[in-house]
Amino acid sequence: MSIGANALPELAEMLRQPAVSEVFVLTDENTGRLCYPLLQQHLPTNHTVLEIPAGEEAKTLATCEVVWSKLTERQADRFAVLVNLGGGVITDLGGFCAALYKRGIRFMQVPTTLLAQVDASVGGKTGVDFQGFKNHLGVFQEPGGVFIDPRFLATLDPRQLKSGYAEVVKHSLITDADAFREQRINSVFIEDWTDTIRHSVALKQEIVAQDPLEAGPRKLLNYGHTVGHALESFLLAQPGREILHGEAVAAGMVCEAWLSVQHGLLSETELDQIETFLFSVYEKVQFVSLEVQAIAEYARQDKKNAGSIINCTLLEGIGHGVYNQPVTVAEIMDSLRYYNRL
C-alpha cells in the first residue's frame, strides 16, 4: 500500500522487476482520457492499454469476456501484470479478470476516485454484477499492490467526490466516533485529501486484517449496504434513474441507522445527528412508496445472508458497528418508508 506523491514511482519500480513479462493497463473511456496521462510516464514503454466502457452498466461478465479475449489475443502469460486504473468498477472488474485469467495473474490497483481509494481497491474483494445484483459474482484476491495518488481526485466532478465520501463516513460510523465528530464540522470541504484517505484506509485495513474472507468482523464494512445495494440495484434497472454507489450507501446508512433505533441499539439523538449530517451532503434519493417492496426484495440476495435470514450491520452507538443483526424484508420496507418521509 502506497499513498501520496511516491505511489506511482513505487509502482514503476515494481513493474521493472524481471519477473514481469508484460504490462497491461485497464482503463475506461474516462480514465483513459483524464488519468492515463499521469500514469503513463511511470509505465514500461511497451505496455498495452485495454479500454472498456465507463459506468456500473459495464460491470458484467460480458465485459470480462472482452478483457480476457484481449489478453488471450496478446498471448499474455502468467507473468503478465494487469494495472487497473480507475474507480470501483475498474478495480473490482479488473481484479476479477486477473484472478481468473489462466488461474490468476498479478494485478495492481491504481484507484482514481475517492470511492476506490478508500474502499473498493482495499481489501482484496473483486467481482461483477450479475442479473441485476451488485457484486454477485466475485472472488477474494489480494492485489500485488495498491498505489493511491490523491492528485487523481482533481479529475472528479463534485458528485463523484461526494459519492466516495460516503465510504469515509461509513468507516467512522462503525469504528471511530471522534472522526465522525470532525466530519460533521469539516464535511466534504477538504483541500488535501491525503490524511483523510490514510485514516480511512487504516480503519478498513485493521478490520480486514482480522477477517480477510468476511466470516465475521469484516461484515462491519457493509453498514449502509444492505439497504443501499438494494436501492442501487433497483434504480440501476430503471433507465434514467441510476444513482452512484455512494449516494445509495448514504441513503442506506440513514435507513440502517433508523433500524438500529428500532432494535434498541442507537439513540434517537444519534440518529438525528447521522441523518442531519448525511442530508447536508447528499440529495435525497427519489423513489415512491409503491416501489418500496420491489426495492426491499433485492435484499434477499445480499451476500451476508444466511439462508432466508437477512443479516444486516447496524450501529450500537456512533462509532460502534455490530454485524449479523437479522432484519426482515418488512423492516427494510419500513426503513425505506421512513427515509421517504424525511
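**Entry 1: a ring pair**

I started with F234, which is buried, at a relative accessible area of 7%. Buried means under 20% relative accessible area, exposed over 50%, and partly exposed in between, with a 1.4 Å probe and protein chains only. I noted that this is a predicted model: local features need pLDDT of at least 70, side-chain atom pairs count only at pLDDT 80 or more, and totals for chains, interfaces and linings use all residues. Residues are numbered from 1 along each chain as its sequence is written, and side-chain values use heavy atoms, with hydrogens and water left out.

Next I looked up ring pairs. The structure holds nine aromatic pairs. Rings of Phe, Tyr and Trp (its six-membered ring) pair if their centres lie within 6.5 Å; planes under 30 degrees apart are stacked, over 60 edge-to-face, and the rest tilted. I looked at Y165 and F277, an edge-to-face pair with 6.5 Å centre to centre and 65° between the planes. Y165 sits in helix α7 and F277 in helix α12 (residues 268–281), so this pair ties together parts 112 residues apart in sequence. Helices here are DSSP runs (H or I, at least four residues), strands are too (E, at least two), and both are numbered from the N terminus. Both Y165 and F277 are buried.

Then I returned to F234. F234 and Y298 also form an edge-to-face pair, with 6.5 Å centre to centre and 80° between the planes. F234 belongs to helix α10 (residues 225–236) and Y298 to the loop between α13 (292–297) and β9 (310–315), so the pair ties together parts 64 residues apart in sequence. I also found a cluster: ring pairs link Y165, F180, W193 and F277.

**Entry 2: the cores**

Which residues touch the most other members of the largest nonpolar core? I found Y165, L173, I197, I274 and L336, out of 68 residues. Helix α11 (residues 245–262) gives the most to this core, with eleven residues. Apart from it lies another core, of 19 residues, including F24, L50, L71 and L93. A nonpolar core is a set of buried Ala, Val, Leu, Ile, Met, Phe, Trp, Tyr and Cys residues joined through side-chain atoms within 4.5 Å.

Leaving aside neighbours within four places in sequence, I197 is in contact (heavy atoms within 4.5 Å) with I3, L114, Q117, V118, I148, P150 and L153.

I found one cavity of 30 Å³ or more. The largest cavity holds about 50 Å³ of space. On a 1 Å grid over the protein atoms alone, a cavity is a set of points where a 1.4 Å probe fits but cannot get out; a pocket is an open set with protein on both sides within 12 Å along at least five of seven lines; lining residues have an atom within 4 Å of a point. Grid points are joined across faces, edges and corners, and a volume is the space filled by probe spheres set on the points.

Helix α11 gives the most to the cavity lining, with four residues. By class, this lining has eight nonpolar, no polar and two charged residues. Ala, Val, Leu, Ile, Met, Phe, Trp, Tyr, Cys and Pro count as nonpolar, Asp, Glu, Lys and Arg as charged, and the others, Gly among them, as polar.

I then checked the second largest pocket, with a volume of about 240 Å³. Its lining includes R159, K162, E247 and Y282. Helix α7 (residues 158–175) gives the most to that lining, with three residues. I counted four nonpolar, two polar and five charged residues there.
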